[in-house]
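Reader: I am new to this structure and would be grateful for a guided set of questions and answers.

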Amino acid sequence: MKYTTPQPRTAIMAVDNADSAEGGRPEVHRALQVCSICKLRKKKCDKLLPSCGYCVRKGLNCTYESRPRNEAHAYIPVVQSHTSNTDSASSPLVLQHVIPIEPGATEANLYRQVLHLIRQTGQFIDDISAHYFQGIHRYLPVISRTRFHKSLITLGAIPSAGFSTLLLSICVATLSLKPPKARSFDGRSLRLTAKSFLAQVQASYPPSLDLIQARLLLAVHDHTCRRPDEAFDAIAGCARMAYATGLHLHLNKINTLNAVASNVTPNVDTDLRLEAKEAANTWWGIIICERTFFCEVAVPEQPLVTVIPNGDSLLPTEPEILEQAEFRGPNIIPQVSVSSLSSVDIGGFGRAAQAAWLLDQVLNGFKIQSFDSKLSQLEALDSTFQTFLGVLMQQSGGKVGKFCEAVAITIRALFTLHWHLSNQPQYGVHLTNPSLEDWLSRSDVALDTVTKMVLDIIDAHNALNITAPSYSFIIQAALKYVRAKPSWKNDGWLQSTEERLRTSLDQFNEDLNRDNY
C-alpha cells in the first residue's frame, strides 16, 4: 500500500484539525512504517497521514511504501520538491510517478525519467555533456569521454541505472557553473531531486563506478555553491562507497596494466585499461576533493576517510589522454610520481593531485604535539608550497586554464598553514627563527603576496563557466586575511583590496544564483 500527498499543506492542516464525528477530537491517521524520506534521512518519522510532519515543513512529497517480499517488484518513490513560490501544476520538476524495479523495464523507466528532467531545464544530453567536458572535466577529469558516449550510443542497449543517475548529476553540476539566462525551473528542487534519486537507486542497485562519479559530482556541486559542510559529508559518503567497491585498488592496477602493455603486447584490452584509468582518476578526484573541502568545514576536528597515496604512486591521467578513443601505449605517456614536484611533464589534474598531497602533509603537521617539531615541519612545507606555486604560475603563464584548480588549492593551503601557526601560543622557539614573532612577520609578507596573486586571478576571470571549483574560496580566504588586520580600515591599499575581493565574491554569488541551488 502506498500513500501520496497531492494536496498542498493548507489542505493537510485542514484534515488534521477537522473534528471527528465521534466528539470533537481531531482525527489522526498514522502509517504502519516510516515514510521514504525519513527512511533515507535515517531520522524519526511521526508517520502522520497523508504526510508526515517533516515532509510538510519542507514541502516534500511524502510517500509510504510497503516493500513486497519479492524484491523484483519493489518500488522507487521519487521525491517531489516544492517551494512556496512554485505551483505544483506548472513546476517542471514535479515527479508524480513511482518507478517499479523490474529487470529491463526499470532501467528504461529511470532513463526516461532522467531525460524528462534534463529536458525541463531546457537542455538535451548533448548540451550537458558538452558543458561538462568543456568545464568541470578540465579540472576534474573523472569520466572518460569515450566510455561515456559508448554508454549512450550502444545499439539496442538501455543505459544502466547508475549511468542515468550520472547523467542527472552532470546536469545539476554543470548548471551551477553555467546557469542559463532564463530558468523555468527551481534549481534547489533539481538538486534535491538528484540527491534523492541517487540515494534510492543506490538502495536498489549494486554500487558502480557511475554511481560513485555521480556522488562525487553532486559533492563538487555543493562545494561550488558554497555549502562546504554538506560537500564534506557528501564526499565522505562517496569515499566509503568507493572503498566498498575496491576503487582505490585501481592505482596499483594501472601500474600492472602499463607493465603488461610495455613488456608483453601493445594490444592489451583498450576498454580494460581505459576503465582502470577512469577508476583511478575517480579515486584521485575523491582524494583531492576531500582535502580541499576539509579546509572550509565549520568543525575541523573530523577525520578524513581516504588515505593519500605515497610519493612513489603515479599521478592521475590527464583529460586529453583520458578522452582518447584509442590508447597509444604507456611508452609515450609520461609516468610521473606524485613527489616529482619539479617535473615539467605534468598537466593540471596531476598538479592538483600534488597540491592535495602537500596539503595532506600540512593537515598531518597540525597534529604534531611538540610545537618546535610542528613549526619545523610546517616551515619546510611552507617553503615547498611557495616554490610549487612558482612552478604552477610559470607553467600556466598567468592565464586562466587547466592549472587553475591546482593554483587555488595551493593558495588555500598556504592560508590554512599560516593561520594555524598564527594561532599558536606566544612563546619562543629555538630553530632558524629567533622567535615566533619573526615567523609571524614573515608570514604576513607571504600572505600579502598571495593576496596580490588572488587579485590577479580575479582580474583574469571574466566568465563564471571557466572558473575552477575552488575559485570563490580563495577569494573568501584572502578577504578573511585582509579583514583580520587591525589597520585595514585605515590603510588605503587594504581598503581597496577588501573592496575588490568583496565585490568579486558578491558577483560570483550573484552569477551563480546560489539561492536557487
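Reader: Which orientation do α5 and α7 have to each other, roughly parallel or roughly antiparallel?

Author: This is a predicted model, in which local features need pLDDT of at least 70 and side-chain atom pairs count only at pLDDT 80 or more, while totals for chains, interfaces and linings use all residues. Residues are numbered from 1 along each chain as its sequence is written, and side-chain values use heavy atoms, with hydrogens and water left out. Helix α5 (residues 125-134) and helix α7 (residues 145-153) pack at about 170° with axes 12 Å apart; the axes are lines fitted to C-alpha atoms over the stretch in contact, and angles run from 0 to 180 degrees between N-to-C directions. Angles under 35 degrees count as roughly parallel, over 145 as roughly antiparallel, 65 to 115 as roughly perpendicular and the rest as oblique, so α5 and α7 are roughly antiparallel.

Reader: How far apart are the end C-alpha atoms of helix α9?

Author: The expected span of a helix is 1.5 Å times one less than its number of residues. For the 18 residues of α9 (residues 187-204) this gives 26 Å, and the end C-alpha atoms agree, being apart by 26 Å.

Reader: Is R226 buried or exposed?

Author: R226 is found in the loop between α10 (209-224) and α11 (228-245), and its phi is positive, about 65°, although R226 is not a glycine. Buried means under 20% relative accessible area, exposed over 50%, and partly exposed in between (1.4 Å probe, protein chains only). At 14% relative accessibility, R226 therefore counts as buried.

Reader: What does K47 count as by its relative accessibility?

Author: K47 lies in the loop between α2 (36-41) and α3 (53-58), and its phi is near 60°, a positive value in a residue other than glycine. Most residues other than glycine have a negative phi. With 27% relative accessibility, K47 counts as partly exposed.

Reader: What percentage of the residues of the protein chain count as buried?

Author: The chain's secondary structure comes to 20 helices and 2 strands; helices (H or I, at least four residues) and strands (E, at least two) are DSSP runs, numbered from the N terminus. Of the 517 residues, the share that count as buried is 53%.
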